Amino acid sequence: MRHRYYSLLAAVVLLPGMARAQMAEVYAGYKRTGIDLMWFRNFRYHNGQPTHWLYFSRNRASISSAQSPVLYGSTNAVSYNFANGLGLVGVTNWLATGVIPKAGVQYYKRSGNMMVFGWLVADLVRTGSIDAFVMWRFQPSITQTYKAFLQAELFPVYTPGTGNLNITQRIRLGARYHDWVAGPMADFNESGREKLTLTVNAGLFLRYEF
């Protein structure tokens, strides 16, 4: 089993953007164990002021309890966001099956303890997919030291050529102490055509924000 965890770490290290990680999360569920590295921030002018250009990078790798290969993927995106949060985005996905370019519209808004980030993009290849992504995060203060942490993600992918629909949902509920966050997690995945098959992975997560 140990060599499979080494493979998991190696997959993340080799993914594009790993060195620029802003958030690192490890999670252990009863079906899958994985690592999630995420980074997104505005490019800045020489005087330090943020521009309208935003860079997003996410790198994930996981293994299951069964004897299966490591699943990994990297998403990197550059967008131009207007003052109202809407923008245009170009996305590149690095997967085990190859590189997939995408383009579409994006929304990013941060206000106080709440953040909303997401996009609607289409593959720039023949017989490609259309996917949406939404991440909502809320971190209200509990005391001067602790904050609550709530994060929900929705990631549906539809492939018109095959009629296949894949829906991923991720939930994180926890407590934040300085830069550390920990608590229960659950990932849901539904896939299929006329009838969707549901799989669930629940467990615990530990996150550090740089």
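Residues are numbered from 1 along each chain as its sequence is written, and side-chain values use heavy atoms, with hydrogens and water left out. In this predicted model, local features need pLDDT of at least 70 and side-chain atom pairs count only at pLDDT 80 or more, whereas totals for chains, interfaces and linings use all residues.

Q: How many salt bridges does the count come to?
A: Side chains of opposite charge can pair when their charged atoms come close. A salt bridge is defined here as a side-chain nitrogen of Lys or Arg within 4 Å of a carboxyl oxygen of Asp or Glu. By this rule, the count is 11.

Q: Which residue meets the side chain of Arg172 in a salt bridge?
A: Arg172 lies in strand 10 (residues 164–177), and its partner is in strand 1 (residues 23–29), 147 residues apart. Strands are DSSP runs of E with at least two residues, numbered from the N terminus. Arg172 has a relative accessible area of 2% and is therefore buried (under 20% relative accessible area, with over 50% exposed and partly exposed in between; 1.4 Å probe, protein chains only). The N to O distance is 3.1 Å, and the partner is Glu25.

Q: Is Glu25 buried or exposed?
A: The relative accessibility of Glu25 is 1%. Glu25 therefore counts as buried.

Q: How far apart are the closest N and O atoms of Arg58 and Glu153?
A: Arg58 belongs to strand 3 (residues 50–64) and Glu153 to strand 9 (residues 146–159), so the pair ties together parts that are 95 residues apart in sequence. Both Arg58 and Glu153 are buried. They also belong to a network of salt bridges that links Asp36, Arg58, Arg60, Glu153 and Arg170. The closest N and O atoms of Arg58 and Glu153 are separated by 2.7 Å.

Q: Which residue forms a salt bridge with Arg176?
A: Arg176 is buried at a relative accessible area of 15%. Its partner, in strand 12 (residues 196–209), is 33 residues apart from Arg176 in strand 10. With the closest N and O atoms 3.1 Å apart, the partner is Glu209.

Q: With the side chain of which residue does the side chain of Lys102 make a polar contact at 2.5 Å?
A: Lys102 is found in strand 6 (residues 98–111) and is buried, with a relative accessible area of 8%. A polar contact is a pair of N or O atoms within 3.5 Å; within protein, one must be able to donate a hydrogen and the other to accept it, and residues adjacent in sequence count only if both atoms are side-chain atoms. The contact at 2.5 Å is with Asp123.

Q: Which strand gives the largest share of the lining of the largest pocket?
A: The largest pocket holds about 1,200 Å³ of space. Of its 41 lining residues, those closest to the centre are Arg60, Leu95, Phe155, Thr168 and Arg170. The lining divides into 17 nonpolar, 15 polar and 9 charged residues. The largest share, 6 residues, comes from strand 3.

Q: What is the volume of the second largest pocket?
A: The 16 residues that line this pocket include Asn42, Pro50, Thr51, Leu54 and Tyr108, which lie nearest its centre. Strand 2 (32–44), strand 3 and strand 6 each supply at least two lining residues. The volume of the second largest pocket is about 340 Å³.

Notes
Helix = DSSP H or I, 4+ residues; strand = E, 2+ residues; numbered from the N terminus. 1 Å grid on protein atoms, 1.4 Å probe; cavity = no way out; pocket = protein on both sides within 12 Å on 5 of 7 lines; lining within 4 Å. Points joined across faces, edges and corners; volume = space filled by probe spheres on them. Nonpolar A, V, L, I, M, F, W, Y, C, P; charged D, E, K, R; others polar.
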